[in-house]
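Subject: Structure for you, plus what turned up in it

Hi,

Here is the structure I promised to hand over.

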Amino acid sequence: MTARQESRTQVGIVGAGPAGLVLATLLARAGIDSVVLEARSRAYVQARVRAGVLEAPTVDLLREAGVAGRLDREGMPHTGISLRFAETPGGPAEDHRIDFADLVGRGITVYGQQEVVKDLLADRIDDAGLPVEFEVSGVEIHDVTTDAPSITYTAADGTAHRLRCDVVAGCDGFHGTARSVVAPEIVERVYPFGWLGVLAQAAPTTDELVYSHHDNGFALYSMRSPEVTRLYLQVPPDTEAGSWSEARIWDELQTRLACDGFTLNEGELLEKPSVTGMRSMVASPMRHGRLFLAGDAAHIVPPTGAKGMNLAIADVRVLAEAVERFYRDGDERGFDDYSATCLRRVWRAEHFSWFMTSMLHRFDSSTEAGDPFGVGLQRSQLRYTVTSRAAATSLAENYVGLPHGAV
Ligand SMILES: Cc1cc2nc3c(=O)[nH]c(=O)nc-3n(C[C@H](O)[C@H](O)[C@H](O)COP(=O)(O)OP(=O)(O)OC[C@H]3O[C@@H](n4cnc5c(N)ncnc54)[C@H](O)[C@@H]3O)c2cc1C
């Protein structure tokens, strides 16, 4: 048997999603070495279509880190969203704009998660020549309660490795392994529906996202570029994406998004439709010894609030600052505070995502009548949100993103 190859870095990062890559970037800017280990290929992680809404504080952070050149050129700044709903069941839907710029003086930027990942990988690998090891397998994290943890793994070429480090960041997403090493308490809520998502070669017909509350269920109209729309339909959670024909998807989108003066452009589907389950999950604490969880490894939000990727990036900002303090001053207080600091923002995002999900989806589709009391509450909340400046401001400041460190 060949011996394990041994190497050393300061911070070992498992996972090259937004959390792992932003952390590696912030550490590099602070002169701290890291190695990123990723189970998939570079092509795969660069093509994985997921989130698309960047909060204002996320954009600020990417700019400060010097990785927002293309984001600033190609990202689409939005200063509001529309809530679309009918005053009465079965009545005509109307749009009600939530004007972020007027209410909170900031906006969001629509820019695909895979574009953020591409920019971060280009910066790290192509420009700086720093290490990301793709297609690793068998990752195991060791000795996290000592000051000399390590990560063992098999590299893409089949060789066995041990990476010694001072700190391990578990940025390996919801299905990763780092969370089991921390063994946190998990609290969760699973919603009785999923989202069927399609990406279409069709020019957006509005400049902003439309969140539509409809008797048939929720629909979201969003976009990824001036030529590509991203659309979602609420569906039962066990739906097979392949069981919906293209014609049925477009019919249902036309029905749920119908509104006077609005045209839904149809176009070729650019990838197979997929169904995402809707859940909320929080793991706490997010730290065990020298192992720190960040992003989806520690928490999941339903996508209605567009918070998943933003939270992942907010976590690693806190972690990067703690690591910097440790190397600069030998001070571990940032490590001690990490979990509590992150969890305050996590719970704010969990609440906002739950609020948006609860206000917009049909909850009881088991009977034709559904849940008239629940629907009455939803319509009341929607009306209040679009008629009260205080309620609209609350939605706007959460959607645009509270400043890092504010909660
Ligand atoms: C289908 C889908 C649609 C979504 N849509 C939205 C949306 O519209 N808006 C929104 O805000 N959020 C959305 N999200 C959530 C958002 O994409 C996530 O919150 C975000 O990706 C979290 O980033 P992360 O870096 O924590 O995790 P990930 O992006 O999941 O990255 C984790 C990385 O770790 C790697 N990995 C896993 N296990 C191992 C291992 N053992 N060894 C090495 N590497 C490993 C994975 O391959 C992956 O590259 C969506 C998620 C999904 C799944």
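**The second largest pocket**

α11 provides the largest share of the lining of the second largest pocket, with seven residues. Helices here are DSSP runs of H or I with at least four residues, strands are runs of E with at least two, and both are numbered from the N terminus. Before you go further: this is a predicted model, where local features need pLDDT of at least 70, side-chain atom pairs count only at pLDDT 80 or more, and totals for chains, interfaces and linings use all residues. Residues are numbered from 1 along each chain as its sequence is written, and side-chain values use heavy atoms, with hydrogens and water left out.

Back to that pocket. Its volume is about 420 Å³, and of the 23 residues that line it, H361, D371, G374, V375 and Q378 are the closest to its centre. Both α10 (333-360) and α11 (372-387) supply at least two residues of the lining. By class, the lining divides into nine nonpolar, eight polar and six charged residues. (Ala, Val, Leu, Ile, Met, Phe, Trp, Tyr, Cys and Pro count as nonpolar, Asp, Glu, Lys and Arg as charged, and the others, Gly among them, as polar.)

How pockets and cavities are defined: on a 1 Å grid over the protein atoms alone, a cavity is a set of points where a 1.4 Å probe fits but cannot get out, while a pocket is an open set with protein on both sides within 12 Å along at least five of seven lines; lining residues have an atom within 4 Å of a point. Points are joined across faces, edges and corners, and a volume is the space filled by probe spheres set on them.

**The cavities**

There are two cavities of 30 Å³ or more. The largest has a volume of about 100 Å³, and its lining includes E55, K307, R345, R348 and F352. α10 gives the largest share of that lining, four residues. The classes there are four nonpolar, three polar and four charged.

The second largest cavity holds about 30 Å³ of space. A16, G17, V45, R48, Q113 and V117 line it.

**The ligand**

Which residues come nearest to the ligand? Of the 29 around it, they are A19, E38, R48, Q113 and D296; a residue counts as near if one of its heavy atoms lies within 4 Å. This shell has 14 nonpolar, eight polar and seven charged residues.

- R50: a polar side-chain atom is 2.9 Å from a ligand oxygen atom.
- A39: a polar backbone atom is 3.1 Å from a ligand nitrogen atom.
- M309: a backbone N or O atom is 3.4 Å from a ligand oxygen atom.

The protein covers 85% of the 990 Å² of accessible area that the ligand has on its own (Shrake-Rupley method, 1.4 Å probe; for residues, only the protein chains shown count as cover).

**From the record**

UniProt (unreviewed entry) places "domain: FAD-binding" at residues 8-353. Over that stretch the chain is 33% helix and 31% strand, with the end C-alpha atoms 40 Å apart. UniProt positions are in the numbering used here, feature names are shortened, and annotations may be inferred rather than shown by experiment.

Cheers

Key: Polar contact = N/O pair within 3.5 Å; in protein donor to acceptor, adjacent residues only side chain to side chain.
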